[in-house]
Amino acid sequence: MSDDTIRLVTIGRILRRRWRLLAVLAVVGALVGYGSSVLVFPPRYTASASVLLPGLWEERELLTQVDIATSSAVVDRAADTLGWKGVSGVELQSQVSAKAADGNIIKISGTADTPERAQRLSDQVAQQFVTFAAQIAGGSADPAVATETEALQKKMAETNRRITDLANAANPGQTVESVQARTELEKLRTSLQDAMKKLEEANPATNKASMVVMGPSPRPTGAAAPTRMQLIVGGALLFFLLGVIGHLAAARVSRRLRTEPGIAAALGSALLGTVDVPGERRADRPESRGRRARIRRLLGVDTRWDIPTPQRSGDEADRRIRYQRVCARLREQLPAPRRLLVVVPEGDEVARRAAGQLVAEAKSDPLLRVVEVSVDRPIVPDRNTESGALVVLSAGSWTAEELVGIAEACADGRHEVVGIVVAAAVRSGPTRTADLPSDGRTPGLPSDEATLTFAVRGHATGGSA
């Protein structure tokens, strides 16, 4: 697994064999998302008010108005008008946003913890923006210029009235001079009116300052993103994905030996023969006791997920032939009396059953004695009459350090490792042969354990005790 490319079949195997654990992780993620929605991201509501800008506006001018709408001058006025306790303009500025829309419309949005406050905030900011923009357009940044403009308008209005008085005082139609005077006064009035009209058109307050708030903002009916449901679903999905990625990462960095050369190198011996052992059903497996074991069974982590789906094997006759060949090789390699200590790592159920079947097929030649050795602190019985040790184990279950520890324990007990048997999971074939016992079982195994088998691959090696 550590050297294989991650395939969809691997993801599917994780989902099938770890669905309980992944479901628990998803529930935990949902709870974390709910807690975040309460403590870190409480529900927030957003309302938007629209402000219409009549006239012709360039894009850069609209962007300038957007900046004005969210400026501190506008937001501070809105904060003073709202009068919310403990809420300043600086805090409100982070809750107000604006953007330019099509049709010379600026949308001003306000975000608050309730729909009512969000509506009031957006409406108030929009109103203050229109008022502030009108003040800027109607006045001038320079007070002197504003004063001069206002004085000029008053002077022109006074001049217009003086012309009217002079025209009325002239004797209409009495003399040629009076007619000419009245004509000249009317021309002067027309020129003065044209100048006043041009002055008004040049004033920004007459063509761009008449902004209009397009009604009150609609009260929001739902919370703004991220909503509580989004956080819950996102937390569940995140924890689920982390669970899958964690399984893949653990398999990628796993140091368990899965190849025969690596196992042989760790134990300092060679692989010996091939055997098959019928697999047992889950209900027949020995169950550990205690709270921790019950939790592992409940979550489904008491079985390996990274073991590939067993391949189909031959019938029971083929399996018995493999056992007999292994025993024959042991007879050829070892001198009489052939007594061997079969060492099985503790907890390796596949290897334990393979060793039991091998003992049954040996028929006391060679005479095999099975011992289970703890991989944490391996201790092998001292050599008595045995000619050596035969290690039986399954692939992909133990690291090189653990196997080196077993080899050293055998050496401490003065046992030479004469061979290794490696077990791998396979499915049994449907056919049965007539040379089997009357109950149709492989000797030494229960009758209801014929759904899975475990194949052991290896090569015979020379050596003596």
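Tutor: Start with Leu272. Leu272 counts as buried because its relative accessibility is 0%. Buried means under 20% relative accessible area, exposed means over 50%, and partly exposed lies in between, for a 1.4 Å probe and protein chains only. This is a predicted model: local features need pLDDT of at least 70, side-chain atom pairs count only at pLDDT 80 or more, and totals for chains, interfaces and linings use all residues. Residues are numbered from 1 along each chain as its sequence is written, and side-chain values use heavy atoms, leaving out hydrogens and water.

Leu272 sits in the loop between helix H11 (260-267) and strand S5 (275-279). Helices are DSSP runs of H or I with at least four residues, strands are runs of E with at least two, and numbering starts at the N terminus. Leu330 is 58 residues away from Leu272 along the chain, yet their C-alpha atoms are 8.7 Å apart.

Now the helix pairs. Helix H13 (residues 316-333) packs on helix H14 (residues 349-362) at about 70°, with the axes 9 Å apart. H13 is therefore roughly perpendicular to H14. Axes are lines fitted to C-alpha atoms, for helices over the stretch in contact, and angles run from 0 to 180 degrees between N-to-C directions. H13 brings Arg320, Tyr323, Gln324, Val326, Cys327 and Arg331 to the contact; H14 brings Ala354, Gln357, Leu358, Glu361 and Ala362. Contact means heavy atoms within 4.5 Å. Six of these residues are nonpolar, two polar and three charged. Ala, Val, Leu, Ile, Met, Phe, Trp, Tyr, Cys and Pro count as nonpolar, Asp, Glu, Lys and Arg as charged, and the others, Gly among them, as polar.

Helix H2 (residues 19-39) and helix H12 (residues 291-299) cross at roughly 95°, and their axes come within 7 Å. So H2 is roughly perpendicular to H12. Arg20, Leu21 and Val24 of H2 meet Arg297, Leu298 and Leu299 of H12. That contact has four nonpolar residues, two charged and no polar ones.

Last, the sheet. Four strands form an open sheet in the order S2-S3-S1-S4, with antiparallel pairing. Strands pair if DSSP finds at least two bridges between them. S2 (96-101) and S4 (212-213) are the edge strands, each pairing on one side only. Strand S1 (residues 45-52) pairs with S4 over two bridges. Val51 has Val213 in S4 as its bridge partner.

Terms used. Angles under 35 degrees count as roughly parallel, over 145 as roughly antiparallel, 65 to 115 as roughly perpendicular and the rest as oblique.
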